[in-house]
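Subject: Structure handover

Hello,

Here is the structure I promised to pass on. Please open it first, then read my notes below.

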Amino acid sequence: MRLESPSISRSCAAEAVRSGDIRSAAFRLDGPTRRLDPRTHAYRRDIADIALAGTLFAPHYAAPVLRAATASTMVRTAASHAAEASSQILPGEGFAVLDLAGDWAWGFSRHDHYVGYVAADVLGMPIQPTHRIAVREALLFSEPSIKSPAAGTLPYGTRLTGEARDHFIETDGGFVHKRHVAPIDELAIDAVAVAELFLGMPYLWGGRGSGGIDCSGLVQVALAATGIPAPRDTDMQRESLGEALPEKAALRRGDIINFPGHIGQMVDQSRLIHANAHWMSVVIEPLADVVARLAPNHDRPILSRRRIES
């Protein structure tokens, strides 16, 4: 079987061949092909991630080529801007490219292995980040002065490379004030406090904080800021995050509440913070109110209550 490694642009394809990036190899399946979750296992009828060789059959296997987002972009279920968004990658985050066709790259996000298509023109070379944006939205100035024109904005969690210059961090794209960044290895202490930064942000299906955010995106981003990796979707988070609480256990700040197709975090014993389509926003409201809205349509408005121990 041929092992294919895509390049990020057509102009790079020839160089990939010259450099030996495309190789030949043979694989043997150890057992029958088994069903894998296509959200986190990159395979299609025509191609699959080389990591799956020996697990499932594919006509071709591809070795991932690492790239990084140069701007926020949606991860989509098909190679079209009209296709449904399933997630979002933020500036500086890695994306492993397995196939490039036309203007679209297919692969997976490095932080959670979520599979999909992204516009190829927002992918650049990987970076070695030194800082991350630690506020909901940071201004990118054209000069190291708050009086200079703002060249754009960067969302929470953006990974960037830069050096200190006066009160700013100088990056290739401009200057970010030091008040708006944290060292890349500095973790937040309170995931709920991170989630609270997004209060009032519009609900966006697939969003992770650039222009909007969804319920599982809010949980994922908030936990990641404290060093706790979380999968992308609500069902994945329900199965993997924390430990189940006894039904009568008192809730506390940070507890995860799982609903049918929804998730949120407790702010305190009685209130929940969540991104939701009812209010089309990130809000804090009584958990009892959320349960009351769901009860007419669900026998079990709360599927589980889980606690992540620090």
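**The largest pocket**

The lining of the largest pocket holds 16 nonpolar, six polar and eight charged residues. In these classes, Ala, Val, Leu, Ile, Met, Phe, Trp, Tyr, Cys and Pro are nonpolar, Asp, Glu, Lys and Arg are charged, and the others, Gly among them, are polar. Please note that this is a predicted model: local features need pLDDT of at least 70, side-chain atom pairs count only at pLDDT 80 or more, and totals for chains, interfaces and linings use all residues. Residues are numbered from 1 along each chain as its sequence is written, and side-chain values use heavy atoms, with hydrogens and water left out.

A pocket here is found on a 1 Å grid over the protein atoms alone: it is an open set of points where a 1.4 Å probe fits, with protein on both sides within 12 Å along at least five of seven lines, and its lining residues have an atom within 4 Å of a point. Grid points are joined across faces, edges and corners, and a volume is the space filled by probe spheres set on the points.

The largest pocket has about 680 Å³ of space. It is lined by 30 residues, and E93, H111, G157, R159 and A224 are the closest to its centre. Helix α3 gives the most, with four residues. Helices (H or I, at least four residues) and strands (E, at least two) are DSSP runs, numbered from the N terminus.

**The second largest pocket**

This one has about 390 Å³ of space. Its lining has 24 residues, and Y203, W205, C215, G261 and H262 lie nearest the centre. At least two lining residues come from each of β7 (85-89), α3, β23 and α5. By class, the lining divides into nine nonpolar, ten polar and five charged residues.

**The chain as a whole**

The protein chain has five helices and 25 strands. Of its 310 residues, 48% count as buried. Buried means under 20% relative accessible area, exposed means over 50%, and partly exposed is in between (1.4 Å probe, protein chains only). Take the contacts (heavy atoms within 4.5 Å) between residues at least 6 apart in sequence: 56% of them join residues at least 24 apart.

Strands of a sheet pair through backbone hydrogen bonds, either parallel or antiparallel. Two strands count as paired if DSSP finds at least two bridges between them. Strand β5 (residues 65-69) runs antiparallel to β8 (residues 94-101), and four bridges join them. V65 has V97 of β8 as its bridge partner. On β9, V97 is partnered by G107. Six bridges pair β8 with β9 (residues 104-109), again in the antiparallel sense. β8 and β9 make a hairpin with two residues between them, and G102 in the turn has a positive phi of about 60°.

A101 also sits in β8. A101 is partly exposed, at a relative accessible area of 48%. The C-alpha atoms of A101 and A120 are 9.0 Å apart, with the two residues 19 apart along the chain.

**A three-stranded sheet**

An open antiparallel sheet has the order β15-β12-β19. Its edge strands are β15 (159-160) and β19 (181-183), each pairing on one side only. Strand β12 (residues 131-133) pairs with β19 over three bridges. I133 has V181 of β19 as its bridge partner.

β21 runs antiparallel to β22, joined by four bridges. I256 is partnered by Q265 in β22. Their hairpin has two residues between the strands, and G261 takes a positive phi near 70°. β21 is also joined to β25 (residues 304-307) by three bridges, antiparallel. There, N258 has S304 as its bridge partner.

Which residues of α5 are buried? In this helix (residues 287-294), they are L287, V290 and L294. Seen down the axis of α5, they fall within an arc of 60° (taken from the directions from the helix axis to the C-beta atoms), so they line one face of the helix. They pack against β21 (256-259), β22 (262-266), β23 (271-276) and β24 (281-286).

Best wishes
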